[in-house]
Amino acid sequence: MGCKLNYTLPRRQALGSCFYSPRLQLVGVLTWFWPVDTAGAAKIAASQHNHWCSVPYGEVLEVDSGRVDNPPMSTSSHSPSRIVLGVTGGIAAYKAAELVRRLRARHAEVQVVMTEAACQFVTPLTFQALSGRAVRTSLWDAASEAAMGHIELARWADQVLIAPASADILARLASGRADDLLTTLCLATKAPVSVAPAMNHQMWAHPATQSNVNVLRARGVRVLGPASGDQACGEDGPGRMWEALDLAAALFPAVAAGPLTGKKVVISAGPTREPLDPVRFISNRSSGKMGFAVAAAARDAGAEVTLIAGPVTLCTPPGIQRVNVETAEQMYRAVHEAVVGAHVYIGAAAVADYQPAACAHQKMKKTSEHLELHLQRAPDILSSVAALEQPPFTVGFAAETNDVERYARDKLTRKRLDMIAANEVGVDRAFDRDDNALLVLWAGGRRELALQSKDQLAREFIAVVGERYQLTRHPVVTLVPQAS
Ligand code: PMT
């Protein structure tokens, strides 16, 4: 697209010092953005077409002092993705500058919204220079509101990403506050909201933060990270913001064609409930978190995902078609309807092995000391999919308390699966937790995926599924020329 950025900056400012101490290792940042003071505000002029392009890494920008105007908001259906990037107060705010560059490299329009605390760490002018848009910092800025009101901005966004997301913003989002521009936007937008937490590891582990994160997850907010490692405070642990490249990839999953691009993937998740009478049922502790994370990861790998969900309280990840069921029989029917023409089936649901032989029409009465329940086998969904005439690439899960690999291999063979993901279950393991570990098995192979958040684990798992799918369903054939 024909556009030219004319950032103008007095020559003497081009090598100005950075606003952080060298301890924070901002060398990488200095190589590609220039600190600009207010007096030498950058004038950003668009081409006559008012298109805006990304600033390639390391490119020196021509700068000229003057006023900054936002380019008009694009409304065309062919416009690049429009992202509201919320930056909150935290040392990782400097990484958001790199993130803007990564997003623009994917042709996104980026509107940065900073909280008051974020402005203590990075100047709005930095983001303005990188995004090509005047940064929004306040709900009460009459000029900005006149140009585009906060509700209009909330509608404009295709996606909202808050990076870094401090403990404070997570708490304020969880409680539905609308006392600044960013929280108001998050309430007013229909666009998917993602957060990239970044904070001290003790703050991240605090039950209050974890409870806020769970509330947000349950409302469908994507939680990207945090990663583990060295922290700015000198400590070590989970709390580092994901790298800009990973965040950009999470927002634009299908840009790089993944192994599941264009593939139809059906995933089952959550428990089933087998009714005994109108008010009682047999079920298990599955929360659906693993299956939902796998569904989101498959979507991010480019797949068209149908999620068959048992009774859980989770929100549907954006971009995924969900079918709610309750019993094993209902799940069986829904799965078989969905797998017609599907390329991959992943059974992550904890389906009942047995169901009551009959369901009482009225509440059972307490008439004797003992009660005998007559149970019968529930349909085995996974085996039945694998036994289809033209089965999809069929992946099972195995929940085992002991002899994990032996029992899982037995299920892999007995149920004629392409692959199985085994997890050790028990008290404080796998079921209804935010983290998990998997041992992925296939005929003649295995891969151990370490204990980590279910979101991150699901990404690694889907990468293995994609790899094996490609190898078994689209094997590379090497043609050897015949000797004449
Ligand atoms: O939902 P979470 O709280 O996040 O917990 C995740 C999990 C522990 C439930 C998940 O990781 C998991 O292990 N899911 C499979 C649980 C299970 O039912 O395992 P199983 O070993 O009993 O069954 C083996 C496979 O057969 C599974 O793929 C299961 O979906 C399938 N099955 C089982 C019974 C049945 N009637 N029909 C089936 O299709």
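1. Among contacts in the protein chain between residues at least 6 apart in sequence, 70% join residues at least 24 apart, where two residues are in contact if their C-beta atoms, placed from the backbone, lie within 7 Å. This is a predicted model, in which local features need pLDDT of at least 70, side-chain atom pairs count only at pLDDT 80 or more, and totals for chains, interfaces and linings use all residues. Residues are numbered from 1 along each chain as its sequence is written.

2. The protein chain has 15 helices and 19 strands, these being DSSP runs numbered from the N terminus, with at least four residues (H or I) for a helix and at least two (E) for a strand. Of its 484 residues, 43% are buried, a word that applies when 20 or more other C-beta atoms, placed from the backbone, lie within 10 Å of a residue's own.

3. Strand β3 (residues 159-165) deserves a look, since seven of its seven residues are buried. Gln159, Leu161, Ala163 and Ala165 point one way from β3, while Val160, Ile162 and Pro164 point the other way.

4. On pairing, which requires that DSSP finds at least two bridges between two strands, β3 runs parallel to strand β1 (residues 82-87) over four bridges, with Leu85 opposite Leu161. Four bridges also join β3 to the parallel strand β4 (residues 193-197), where Val160 stands opposite Val193.

5. Around the ligand there are 28 residues, the closest being Ser287, Met290, Gly347, Ile381 and Leu382, and a residue counts as near if its C-beta atom, placed from the backbone, lies within 6 Å. Strand β16 gives the most to this shell, with four residues.

How values were computed
A residue is buried if 20 or more other C-beta atoms lie within 10 Å of its own, exposed if 12 or fewer, and partly exposed in between; C-beta atoms are placed from the backbone.
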